Amino acid sequence: QVQLVESGGGSVQAGGSLRLSCTASGLTFVDFVDYSMGWFRQVLGKERELVVCINRSGGSTYSTDSVKGRFTISRDNAKNTVYLQMNSLKPEDTAMYYCASMPRYRACSLAAGQYSYWGQGAQVTVSS
C-alpha cells in the first residue's frame, strides 16, 4: 500500500518562501522512479487544480501559468521524496496543497481523477 505524507506547510507573508515535501512509503526507490508526481491545491468551494507535476525519471515538468517562475518541483528518488519550492508567494496561493502520484509508468495529467494516491494535505497561508 502506497502512502504519501506531506510536510512543510505553514503561514508566510507575501513575498516569502516555503518548501513542501512529500515522501512515499510502501515503495522502494527503484519503484518510485516509475511514478509521475504532482502537487495540487484546493481552496474551499473550488475544484482541486494541478499546480506542478514532474514526470517519472524527472525528465520533464509542468507548471500552471500562475506559478511559472515562482514554484519549482523536484524529486529525490533515493529518498522517495518530491519537493515543491514556492518563492515570491502571493495571497492567492493560499490553499491546501496535496501531493499525488499517477499510476505507475503514466505521465503527468491535469485531471485529478487520474491520480492513484494522495497525501493528506498541507495548508499554505499567505498573508498580505
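Tutor: Buried means under 20% relative accessible area, exposed over 50%, and partly exposed in between, with a 1.4 Å probe and protein chains only. This is a predicted model, where local features need pLDDT of at least 70 and side-chain atom pairs count only at pLDDT 80 or more, while totals for chains, interfaces and linings use all residues. Residues are numbered from 1 along each chain as its sequence is written, and side-chain values use heavy atoms, leaving out hydrogens and water.

Student: What is the relative accessible area of V5?
Tutor: V5 sits in strand β1, residues 3–7 (strands are DSSP runs of E, at least two residues, numbered from the N terminus). V5 is partly exposed, and its relative accessible area is 46%.

Student: Which residue of β3 is the bridge partner of S7?
Tutor: β1 and β3 pair in the antiparallel sense over five bridges (pairing needs at least two DSSP bridges between two strands). Within β3, the bridge partner of S7 is S21.

Student: Which residues does V5 contact, leaving aside neighbours within four places in sequence?
Tutor: Contact means heavy atoms within 4.5 Å. With those neighbours left aside, the partners of V5 are S21, C22, T23 and Q120.

Student: How far apart in space are V5 and A100, C-alpha to C-alpha?
Tutor: In sequence, V5 and A100 are 95 residues apart. In space, their C-alpha to C-alpha distance is 9.8 Å.

Technical notes
Helices (H or I, at least four residues) and strands (E, at least two) are DSSP runs, numbered from the N terminus.
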